[in-house]
Amino acid sequence: MAFFLETLIGGLMAGMLYALVALGFVLIFKASGVFNFAQGAMVLFAALAMARFAEWIPEWTGISNPIVANLAAFLIAGQCMFAVAWFIERLVLRHLVNQEGATLLMATLGITYFLEGLGQTFFGSDIYKIDIGMPKDPVFLLDTVFEGGVLVNKEDVIAAGIAAALVVVLSIFFQKTKTGRALRAVADDHQAAQSIGIPLNHIWVIVWCVAGVVALVAGMIWGSKLGVQFSLTTVALRALPVVILGGLTSVPGAIIGGLIIGVGEKLSEVYLGPFVGGGIEIWFAYVLALVFLLFRPQGLFGEKIIDRV
């Protein structure tokens, strides 16, 4: 039982991080109808900015406190993501209003390669680390209930807590603020939102900024766990099955989908892997997403695209 709980908790922790990346896809699609293939590049660019500024700030200012340096690096990296969002809307999106979905998709692919090149030009192409002080040592829980206790990685718990806190903040933002309600109105009907005076271009900048912050937090966490390297863009590929499973138009779906896939990957690898030679964790999410595409294309909580036209 203890081993099952360890696997289950590990899957939930991984699922929260998948959900965090998937949120970037969902937020942008809901507000603009754009499937943003650049989300992985945004995670990489944000992580590079965070890592490099955390390294440069002590050199430039003489600040030796790592907490202050990391906080300053986070704020500067956030400003960089706001600037990226503004330029994307100003130079790309506003010129593609009412264009076909394939055109917008190709535009985000172009943004992907541009951000990857821009990140390499400004921040370098080596492997960098982000040290935000998260403990790496595991801890044993419930040792009075199970013999030997349940082994849990502290870093995974803290990372999942940060992801969960961001999800709560975003939920409050969308439900309780005037800007959040405007974003929801744009998501429901672009033309109706414009007819009541909601500026569509302004809303697009805001939602790309929010997606940039989500990418920054995801990049910070993944960079702390794995190091900041250009393979970080593949994190977005891990989030695609989450989006398909939960629904491309549903924020709760991104969270539930992430948890389902995270738990499913771990449990299938541990309990089914030995019978098929292992490696289930690599392809499990994609097979599950394919099944949903065949029988429920809109996902668990998404709405049919035809209903949005």
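## Cysteines without a bond

A disulfide is a pair of cysteine sulfur atoms within 2.5 Å. By that cut-off, this predicted model holds zero disulfides. Let's look at two of its cysteines. The sulfur of Cys80 has its closest cysteine sulfur in Cys209, 12 Å away, which is too far for a bond. Turning to Cys209, the closest cysteine sulfur is the one in Cys80, and again the 12 Å between them is too far for a bond. Cys209 is also buried, with a relative accessible area of 14%.

## The largest nonpolar core

Next, the interior. In soluble globular proteins, nonpolar side chains tend to be buried together. Here the largest nonpolar core has 88 residues, and Leu20, Trp208 and Trp222 are the ones that touch the most other members. Helix α8 (residues 200–226) supplies the largest share of this core, with 18 residues.

Which residues is Trp208 in contact with, once its neighbours within four places in sequence are left aside? They are Ile28, Ser32, Asn36, Met42, Ala85, Ile88 and Leu93.

A nonpolar surface patch of about 1,000 Å² is made by Leu237, Ile282, Trp283, Tyr286, Val287, Leu290, Val291, Leu293, Leu294 and Phe295. Helix α12 (residues 280–295) gives the most to this patch, contributing nine residues.

Ile282 is a handy one to pick out in your viewer. It sits in helix α12 and belongs to the patch. Is Ile282 buried or exposed? With a relative accessible area of 60%, Ile282 is exposed, because residues over 50% count as exposed.

Conventions: Residues are numbered from 1 along each chain as its sequence is written. This is a predicted model: local features need pLDDT of at least 70, side-chain atom pairs count only at pLDDT 80 or more; totals for chains, interfaces and linings use all residues. Side-chain values use heavy atoms; hydrogens and water are left out. Patches are made of residues with over 30% relative accessible area and no salt bridge: like charges are joined within 9 Å, nonpolar side chains (Val, Leu, Ile, Met, Phe, Trp, Tyr) within 5 Å. Accessible areas come from the Shrake-Rupley method with a 1.4 Å probe; for residues, only the protein chains shown count as cover. A salt bridge is a side-chain nitrogen of Lys or Arg within 4 Å of a carboxyl oxygen of Asp or Glu. Helices (H or I, at least four residues) and strands (E, at least two) are DSSP runs, numbered from the N terminus. Buried means under 20% relative accessible area, exposed over 50%, partly exposed in between (1.4 Å probe, protein chains only). A nonpolar core is a set of buried Ala, Val, Leu, Ile, Met, Phe, Trp, Tyr and Cys residues joined through side-chain atoms within 4.5 Å. Contact means heavy atoms within 4.5 Å.
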